[in-house]
Amino acid sequence: MASDSKHLDTLLQHTGIAGFDPATGAAPVGLPPVRTSTVRFQSLAALEEAERRKAAGERVVAYGRMGLDTHVALEDVFKHLELGTHCYLAPSGLSAITLAFMSLLSAGDHALVADNVYGPVHSLDQAVLNRMGITLTYFAPNYDDIDALVRPNTRLLYVESPGSLLFEMLDIPALAEKARRHGLVLATDNTWGSGYIYQPLALGAQVSVVAGTKYVGGHSDLMLGAVVTNDEALAQRINKTQYAMGYSISADDAWLALRGVRTLPLRLAQHARNALQVCDFLSTRPEIARLYHPALPSDPGHGLWQRDCTGSNGMMAAALRLAPAQARVFVDSLKLFSIGYSWGGFESLVQLVSPDYLAGHRYWQGDAPALVRLHIGLESPADLIDDLAQALDRASASAAS
């Protein structure tokens, strides 16, 4: 019944649950984590059949690195979320990005990369891709003429929407049309939407990368990445690269992600409600120069968000009319917001964004001395607002130096 449903909420509850034991007629609700390093075969003929099917591109396991039932169930979840036909798991969001780049590019190739992408992409570029003879050009999708940037050896258009740090919405259908015209693969980091509130493959992208560490897991207790596609030829390339690179995730992390995704619809909706309440409060404070959150009507990307997304989440950023020293007082004075990287868990987080990280973002106008990125968690929004208010009061009263 679940596989026949057209409703994602139903599919997320019924994909990957345990089957009934034919002897007892009983089953646990959750699929247990199936841990193994070695896969046994009943005969050489069975092993050879598995190898034949694997060579043909089927999802067949001959060795434990590719995972068994728990991994298959999680792959199915990502395919439902992203409207994809193939999913490949990776041990972190960044490793999923690496898998995408290594699958889609070869030595001598060139890629166009949006300037708002996840910061460690630059590290991947400098430490690995550049050394392999792969060159990247960073561009501002909402400002630059892509046609003028495409080279004869350009193979990939890689973007993130909304963008990291400032949540800049991109016009994925328009980018997909340009990519098709130039024969490029359009790949996008969809960690913000995680498939539930944003589905780039349905908008024309060919590859979607998700850090399941964030909202899919939802509890800040696992590292996980996934690369999803609806293109058969690209799937074969990603499949071969994943196998050759030895990527694997533990059965326990796959199980944690399956557990977490059951509540994804409820969590995202509550994160979104809380974030909008916090935005409403912050908009009244004189210390706030600008709010970055695409669900806000004042956000420049709000129209694209309305057109392409079905919801929002807890991510936002605030430009502060505070000197750098005062911004540090603000962050250190927060009591309910933990200081840390990542996001997507149940807890509220704050990150004081380094100006160096913002320098390459054309979307950043540089019209405020400081920027904080906030993840609004599942605490009472009234308590979060009180916490932000007292921290802003302290920061404003502190010496600007």
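Modeller: Happy to. In this predicted model, the meeting place is built from Asn274, Gln277, Val278, Phe281 and Leu282 on the α10 side, and from Pro381, Ile385, Leu388, Ala389 and Leu392 on the α14 side. Helix α14 covers residues 381-397, and its axis comes within 10 Å of that of α10, with a crossing of roughly 35°. The handedness of this α10 and α14 crossing is right-handed.

His293 touches Ala275, Leu276 and Cys279, along with Asp299, Ser312, Asn313, Met315 and Met316, once residues up to four places away in sequence are set aside. You will find His293 in the loop between β8 (288-292) and α11 (302-308). Its relative accessibility is 1%, so His293 counts as buried.

Two of those contacts, Met315 and Met316, lead on to strand β9, residues 315-320, which pairs with β12 in the antiparallel sense over 6 bridges. Within that pairing, Ala317 has Arg373 of β12 as its bridge partner. Strand β11 (residues 349-352) also runs antiparallel to β12, and 4 bridges join them. There, Leu352 stands opposite Val372. As for cover, 6 of the 6 residues of β12 (370-375) are buried. Both faces are covered: one side carries Ala370, Val372 and Leu374, and the other carries Leu371, Arg373 and His375.

Back to α10 (264-282), which is among the elements that the buried residues of α3 pack against; the others are α1 (8-14), β1, β6, β7 and α9 (251-261). The buried set in α3 consists of Thr70, His71, Ala73, Leu74, Glu75, Val77, Phe78, Leu81 and Glu82. Helix α3 itself runs over residues 69-82, and its 14 residues should span 20 Å at 1.5 Å a residue; the end C-alpha atoms are 20 Å apart, so the two values agree. Just after α3, Leu83 takes a positive phi of about 55°.

Through β1, β6 and β7, α3 brings us to a sheet. This is an open sheet of 7 strands in the order β1-β7-β6-β5-β4-β2-β3, and its pairing is mixed. The edges belong to β1 (86-90) and β3 (135-139), each with a single partner strand, so one side of each has no neighbour in the sheet. Ignoring direction, neighbouring strands here are turned by 20° against each other on average. Between β6 and β7 (residues 225-229), the pairing is antiparallel over 5 bridges, with Gly225 in β7 as the bridge partner of Ala211. Helix α5 packs on this sheet, touching β2 (110-114), β3 and β4 (154-160), and its direction makes about 160° with that of β3. Helix α8, residues 232-245, packs on the sheet as well, touching β1, β5, β6 and β7; its direction makes about 25° with that of β1.

Helix α5 (residues 120-129) has a helical partner of its own: α4 (residues 93-104) packs with it at an angle of about 50°, the axes being 11 Å apart. That angle makes α4 oblique to α5. Like the α10 and α14 crossing, the α4 and α5 crossing is right-handed. On the α4 side the contact uses Leu94, Ile97, Thr98, Phe101 and Met102, while α5 supplies Pro120, Val121, Leu124 and Leu129.

One last stop is the loop between β5 (185-189) and β6 (207-211), where Tyr198 lies. Tyr198 has a relative accessibility of 1%, so it counts as buried. Leaving out residues up to four places away in sequence, Tyr198 touches Ser161, Pro162, Met169, Leu170, Ile172, Asn190, Trp192, Gly193, Leu203, Asp308 and Cys309. To set Tyr198 against a residue elsewhere, take Leu31: 167 residues separate the two along the chain, and their C-alpha atoms are 27 Å apart.

Note on methods
Residues numbered from 1 in each chain as written. Predicted model: local features only at pLDDT ≥ 70, side-chain atom pairs only at ≥ 80, totals over all residues. Heavy atoms only, no water. Helix = DSSP H or I, 4+ residues; strand = E, 2+ residues; numbered from the N terminus. Buried < 20%, exposed > 50% of the residue type's maximum accessible area, 1.4 Å probe, protein only. Contact = heavy atoms within 4.5 Å. Pairing = 2+ DSSP bridges. Axes fitted to C-alpha atoms, helices over the stretch in contact; angles between N-to-C directions. Parallel < 35°, antiparallel > 145°, perpendicular 65-115°, else oblique. Left-handed = near helix turned anticlockwise from the far one by under 90°. Expected span 1.5 Å × (residues − 1).
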